[in-house]
Amino acid sequence: MKLNSPSRIHMGLIDLNGEIGRVDGGVGVALDYPNFQIEGKESSEIEIDFRIEIDEKDRENLESRIKNAAKNVLDVIGESGISLKVNDAILSHSGLGSGTQVSLSTGKITSLVYGVDLNAETLAKITGRGGTSGIGVAAFETGGFIVDGGHTFGEGKDKIDFRPSSASKDVKPSPVLFRHDFDWDIVLTIPKGEQVCGDREVDIFRKFCPVPTEDVQKICRLVLMKMMPAVIEKDFDSFGEVVNELQNLGFKRAEVGLQKESLKGLLSKLQEVSYSGISSFGPTIYSLGDKDTITEISNEFFDKFGIEGEIISTKANNSGYEIIK
């Protein structure tokens, strides 16, 4: 049995202020490629076979996530092992949601091999995903353009402080408020380099939260009254204008500000010819516009700064994970 799951771009967290008793909330799109591909069969122990070339650090990170997810699900369903083969993977800590897709995909294939069908919300709770943004969990389950509603905030609520998903493993996934098919192509510029994760990610939330109330109010208005209608009405320019504007608001402003000056320069250059933003903590930049022009500018950036990277032309995944028996 094989499973393919999408990656995702995360366009921004909606409310990291919390004064009305709710935090987080997210906006994002599931992507058809890059994706995570895994297959499984019964075994008496946890076995992992990598069928892709991957550097040692990424392999160790991926193997740890897979083992933890498999063990947690096996404990729940009362089994002892699973044999897994990894045929393709999403680059870790690149802003494309690798952690959630690896965890949910591993959990799903593990449960299905033993005849148990656990849904995405249950798998997220078991594997500790979706504690800040619900975009990755919803992307796995249904695909599409997604807006989620975050978590209750305060003493005795879902969350009592501002934390990334990696440090919110005991928090239930966010409710999905809006989901719609997404029809525009997307170009990803993925430079290799500094990544934000672990303790540094936690420290960034502590430093930059709460964000100003007026930023949250503007984000909410842009998402509700411009971005969501634009998806429904297929209004490319209105949607893209919000993408560009979000880079200067709320927590996204901090995420962009933490990038290297060269990457911020590339973002500005791409925004002159397309609608572009940083996905999650980056370093991936997603762009909507003319593929050839975006590719040319990104390649010039790689050459100028001697940076290795990848440029991927992709589209939305509007169906979520896929099982191939």
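**Ground rules**

I number residues from 1 along each chain as its sequence is written, and I use heavy atoms for side-chain values, with hydrogens and water left out. As the model is predicted, local features need pLDDT of at least 70 and side-chain atom pairs count only at pLDDT 80 or more, while totals for chains, interfaces and linings use all residues.

**Entry 1**

I started with a helix pair. Two packed helices are described by the angle between their axes and the distance between the axes. Helices (H or I, at least four residues) and strands (E, at least two) are DSSP runs, numbered from the N terminus. Axes are lines fitted to C-alpha atoms, for helices over the stretch in contact, and angles run from 0 to 180 degrees between N-to-C directions.

For H9 (residues 261–271) and H10 (residues 291–305), I noted an angle of about 160° and axes 10 Å apart. The two helices are therefore roughly antiparallel. My cut-offs: under 35 degrees is roughly parallel, over 145 roughly antiparallel, 65 to 115 roughly perpendicular, and the rest oblique.

Which residues make the contact of H9 with H10? On the H9 side I listed Ser262, Leu263, Leu266, Lys269 and Leu270, and on the H10 side Ile294, Ile297, Ser298, Phe301 and Phe305. Contact means heavy atoms within 4.5 Å. These residues divide into 7 nonpolar, 2 polar and 1 charged.

**Entry 2: Lys264**

I stayed in H9, where Lys264 lies. Lys264 is partly exposed, with a relative accessible area of 21% (buried is under 20%, exposed over 50%, partly exposed in between, with a 1.4 Å probe and protein chains only). Beyond residues up to four places away in sequence, Lys264 touches Val256, Gly257 and Gln259. I also checked Thr314, 50 residues from Lys264 along the chain, and found their C-alpha atoms separated by 22 Å.

**Entry 3: H3 and its two partners**

Next I looked at H3 (residues 120–127) with H1 (residues 56–77): the axes come within 9 Å and cross at roughly 110°. H1 and H3 are therefore roughly perpendicular, and their crossing is right-handed. Ala69, Asn72, Val73 and Val76 of H1 meet Leu123, Ile126 and Thr127 of H3. I sorted that contact into 5 nonpolar, 2 polar and no charged residues.

Then I took H2 (residues 98–113) with H3, which pack at about 110° with axes 9 Å apart. That angle makes H2 roughly perpendicular to H3. H2 passes H3 in a right-handed crossing. Here Ser103, Leu104, Gly107 and Lys108 of H2 meet Ala120, Leu123, Ala124 and Thr127 of H3.

**Entry 4: salt bridges**

How many salt bridges does the structure hold? I found 17, where a salt bridge is a side-chain nitrogen of Lys or Arg within 4 Å of a carboxyl oxygen of Asp or Glu.

One of them joins Lys159 and Asp24 at 3.0 Å, N to O. Lys159 is in the loop between strands E6 (151–152) and E7 (176–180), and Asp24 is in strand E2 (residues 22–42), 135 residues apart. Lys159 and Asp24 are both buried.

Asp183 and Lys234 meet at 2.3 Å, N to O. Asp183 sits in the loop between E7 and E8 (186–191) and Lys234 in the loop between H6 (213–233) and H7 (236–246), so the bridge ties together parts 51 residues apart in sequence. Asp183 is partly exposed at 47%, and Lys234 is exposed at 51%.

Arg163 pairs with Asp170, the closest N and O atoms being 3.9 Å apart. Arg163 is buried at 17%, whereas Asp170 is exposed at 66%. I also noted a salt-bridge network linking Asp161, Arg163 and Asp170.

**Entry 5: Val29**

Leaving aside neighbours within four places in sequence, its contacts include Ser7, Met11, Phe145, Phe182 and Ala316. Ile135 is another of these contacts; Val29 and Ile135 are 106 residues apart in sequence, yet 7.7 Å apart in space, C-alpha to C-alpha.

Key:
Nonpolar A, V, L, I, M, F, W, Y, C, P; charged D, E, K, R; others polar. Left-handed = near helix turned anticlockwise from the far one by under 90°.
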